[in-house]
Amino acid sequence: MSDTLAVLDHEHYLRLAFQVAQRALEAGGHPFGALLAGPDGEILMEQENAFLPDHDMTGHAERVLMTRASTAWSPDFLAGCTMYTSAEPCAMCAGAAYWTGVGRVVYGLSEKRLKALTGDHPENPTLDLPCRCVFNAGQRQIEVIGPLLEDEAAVLHRRFWATP
């Protein structure tokens, strides 16, 4: 973990990520959202889920955000940044965060609870694999905070995945 990570109001930024997820839902997409906060707390990027319009199963908000971030900034800068995400990064998204070099991940809804909400939905065959397990297999430390505000994070998912 970088020594440059600021003390931020995690609940504030997480609720902003929930708003991004709400926008995704309102646009007809899956209710996931993520944002990247810089070392000083400035919001650098936001990303809605990108499953639609092409049905890209890898279009998770966190993975797309990390791809964009890795092409915009160096790992040294990103080590001081925090990714806030409405749901815990899956193994793919955790891998993207690791390779991008982000220093901290804060998430709302856990993978375990998301799996319970989505069931066996073909558009989200959720992995019950905590992001901490992925990060712990790596050679550098990423601070993880979550689940946080999990009941708030679950609201959009209960509505979306229950819809036939």
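Glu11, Arg15 and Glu152 are joined in a network of salt bridges, a salt bridge being a side-chain nitrogen of Lys or Arg within 4 Å of a carboxyl oxygen of Asp or Glu. The whole structure holds eight salt bridges. The model is predicted: local features need pLDDT of at least 70, side-chain atom pairs count only at pLDDT 80 or more, and totals for chains, interfaces and linings use all residues. Residues are numbered from 1 along each chain as its sequence is written, and side-chain values use heavy atoms, with hydrogens and water left out.

**Within helix H1**
- Arg15 and Glu11 form a salt bridge at 3.8 Å, N to O.
- Both residues belong to helix H1 (residues 10-26), four residues apart, about one turn of the helix; helices (H or I, at least four residues) and strands (E, at least two) are DSSP runs, numbered from the N terminus.
- Arg15 is partly exposed at 34% relative accessible area, and Glu11 is partly exposed at 35%; buried means under 20%, exposed over 50% and partly exposed in between (1.4 Å probe, protein chains only).

**Between strands E5 and E4**
- Glu143 and Arg104 form a salt bridge at 3.0 Å, N to O.
- This pair links distant parts of the chain, with Glu143 in strand E5 (residues 143-145) and Arg104 in strand E4 (residues 104-109), 39 residues apart.
- Glu143 is partly exposed at 23% relative accessibility, whereas Arg104 is buried at 5%.

**Between helices H7 and H5**
- Glu150 and Arg113 form a salt bridge at 3.9 Å, N to O.
- This pair also links distant parts of the chain, with Glu150 in helix H7 (residues 150-161) and Arg113 in helix H5 (residues 111-118), 37 residues apart.
- Glu150 is buried at 18% relative accessible area, whereas Arg113 is partly exposed at 24%.
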